[in-house]
Amino acid sequence: MTTPQPEPVIFGERPLTIESVVALSQRRARACLQNDDAYRARIARGAQFLDSLLDREGSIYGVTTGYGDSCVVSVPPHQVEALPRHLYTFHGCGLGRLLDEASTRAVLAARLQSLCQGVSGVRMELLERLQAFLDHDVLPLIPEEGSVGASGDLTPLSYVAATLSGEREVLYRGQRRSAAEVHAELGWTPLTLRPKEALALMNGTAVMTALACQAYGRADYLLRLATRITALNVVALAGNPEHFDERLFAAKPHPGQMQVAAWLRQDLAIDGPTPPLHRLQDRYSLRCAPHVLGVLADSLGLLRQFIETELNSANDNPLIDPDAGRVLHGGHFYGGHVAFAMDSLKNLIGNLADLLDRQFALLVDVRYNHGLPSNLSGAPAETAMINHGFKAVQIGASAWTAEALKNTLPASVFSRSTECHNQDKVSMGTIAARDALRSLELAEQVAAATLLAANQGVWLRQREEARSLPEPLAAMHEQLAADFPPVIEDRALEGELRLCLERIRAQHWRLYG
Ligand SMILES: N[C@@H](Cc1ccc(O)cc1)C(=O)O
């Protein structure tokens with residue numbers, strides 16, 4: 001029996017989804033290029049149009065002129081061929097860590113899809129080579145820092161332009177190698193970029209868009225996981241499930257908020273009034289969980305729209321319209337939508353982490369946990385005084401939450417005028433996207449810690465009262481038990497926290513369909 005291959009992702013005129021970019025970035029799908037005659041002819045027309053324009057020696061920005069503020073400098077015909085190499089060369093000044101492998105694949109994908117729109121004037125050979133990089137997993141080594149996110153991601157994308165030209169370094173089959181050597185090994189001739197091609201490759205938003213695709217998928221899963229953790233905590237804290245009543249939410253009908261409340265009702269198997277056990281009204285971190293998580297749920301649609309529109313757009317400059325014989329000068333490299341999406345996501349994820357950390361604070365404190373042992377320790381009476389259970393894990397969750405909250409400061413408001421005041425208003429979208437990924441990493445840590453604590457809380461509650469758990473929670477509790485046994489005597493939990501994080505990042509648990 002053969003396992004079915006996932007559908008290839010086709011780069012071309014049809015729009016791509018965030019999920020297809022994520023699948024490619026994890027090598028769960030292959031990259032193909034639209035290949036029909038009409039499409040190939042359309043791409044060829046664009047490149048030919050630029051050549052004919054050059055022959056008629058009109059002034060074309062970035063082809064017969066210097067770049068950016070230097071657009072007033074004209075480049076004589078005998079220097080035109082040398083200009084693209086200069087562009088990626090002087091931008092070879094990125095610093096910081098290197099993008100990881102998945103993000104690098106996503107960058108190649110985002111750049112390819114943008115150039116595939118057919119208005120950037122690049123040759124089919126360039127699109128084919130980008131596709132081949134993805135297909136053979138030839139990954140340019142791209143430093144993360146040095147982009148202001150308008151003029152796109154010039155500096156990080158210079159590493160894509162340079163490696164396509166057989167310069168700088170790539171990761172190939174797990175090894176850092178010179179791009180020239182890898183080209184030779186694959187029998188490829190490095191591209192000599194045509195006059196506008198380096199600009200088309202670099203003058204766009206592919207890095208921030210790629211990172212935004214990764215961030216979106218993680219946020220979507222974290223929303224579901226935080227809802228499941230909340231349900232476990234309602235059981236562990238003997239909370240009042242009536243807070244999630246359907247009629248209540250119909251009266252304030254934000255769709256995402258209603259969805260989170262519906263998931264909680266499903267998890268807690270609420271079909272009628274439940275007598276409050278300890279308090280008529282729980283503290284807000286339980287009672288308002290749908291209101292906190294609902295903002296994220298309701299925002300995902302808008303974030304998707306921003307990210308996918310950017311992904312499927314021509315976001316360089318200048319663009320061409322070969323049919324009308326026009327070169328269109330504009331500013332599509334400005335990544336304001338991605339910047340706003342990622343700055344917003346940082347806020348949403350910071351609030352999610354804070355919600356879970358507040359629930360954790362209730363769990364460990366005997367003043368609020370309705371009869372659970374101090375710090376959720378499962379130790380027997382003889383050793384209870386020397387056991388501290390989840391005390392340090394909760395301190396850790398508070399630290400990770402504080403760091404995620406610190407990260408909520410928007411990057412986009414820090415626009416600075418740069419490049420001799422040509423780029424006098426910029427998006428900072430790449431910084432926002434990198435921040436969002438860091439916030440997600442921290443929030444996933446908070447979720448891992450809170451999940452283990454919630455599960456321990458449920459175990460302790462069951463030990464006291466042995467009530468049957470609603471089906472979805474019983475299944476989760478059982479799955480978790482296999483890897484994360486109850487904490488009876490103190491033990492160092494780092495290994496289990498790391499395993500739990502791995503499970504979260506692999507989206508291990510199927511949550512709500
Ligand atoms: N983004 C600029 C081009 C540019 C390229 C490289 C630079 O270093 C500066 C600016 C434009 O299209 O107007």
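Modeller: A residue counts as buried if 20 or more other C-beta atoms lie within 10 Å of its own. By that test, 49% of the 513 residues in the protein chain are buried. Keep in mind that this is a predicted model. The mean pLDDT of the protein chain is 95, and 98% of its residues reach 70 or more. Confidence is lowest in helix H3 (residues 77-80), with a mean of 90. Strand S4 (residues 139-140) has the highest, at 99. For the complex, the predictor gives an ipTM of 0.97 and a pTM of 0.97.

Next, the setting. The protein chain has 19 helices and nine strands. Its C-alpha atoms fill a box of roughly 90 × 50 × 50 Å along the principal axes. Of the contacts between residues at least 6 apart in sequence, 79% join residues at least 24 apart.

Now the pair. Helix H5 covers residues 101-115, and helix H6 covers residues 124-136. Their axes come within 10 Å and cross at roughly 160 degrees. Angles over 145 degrees count as roughly antiparallel, so H5 and H6 are roughly antiparallel to each other. The crossing of H5 past H6 is left-handed. On the H5 side, the contact is made by Arg105, Leu108, Ala109, Arg111, Leu112 and Leu115. H6 contributes Leu127, Leu130, Gln131, Phe133 and Leu134. By class, this contact has eight nonpolar residues, one polar and two charged.

Methods. Residues numbered from 1 in each chain as written. Predicted model: local features only at pLDDT ≥ 70, side-chain atom pairs only at ≥ 80, totals over all residues. Helix = DSSP H or I, 4+ residues; strand = E, 2+ residues; numbered from the N terminus. Buried ≥ 20, exposed ≤ 12 C-beta atoms within 10 Å, placed from the backbone. Contact = placed C-beta atoms within 7 Å. pLDDT = per-residue confidence, 0-100. Axes fitted to C-alpha atoms, helices over the stretch in contact; angles between N-to-C directions. Parallel < 35°, antiparallel > 145°, perpendicular 65-115°, else oblique. Left-handed = near helix turned anticlockwise from the far one by under 90°. Nonpolar A, V, L, I, M, F, W, Y, C, P; charged D, E, K, R; others polar.
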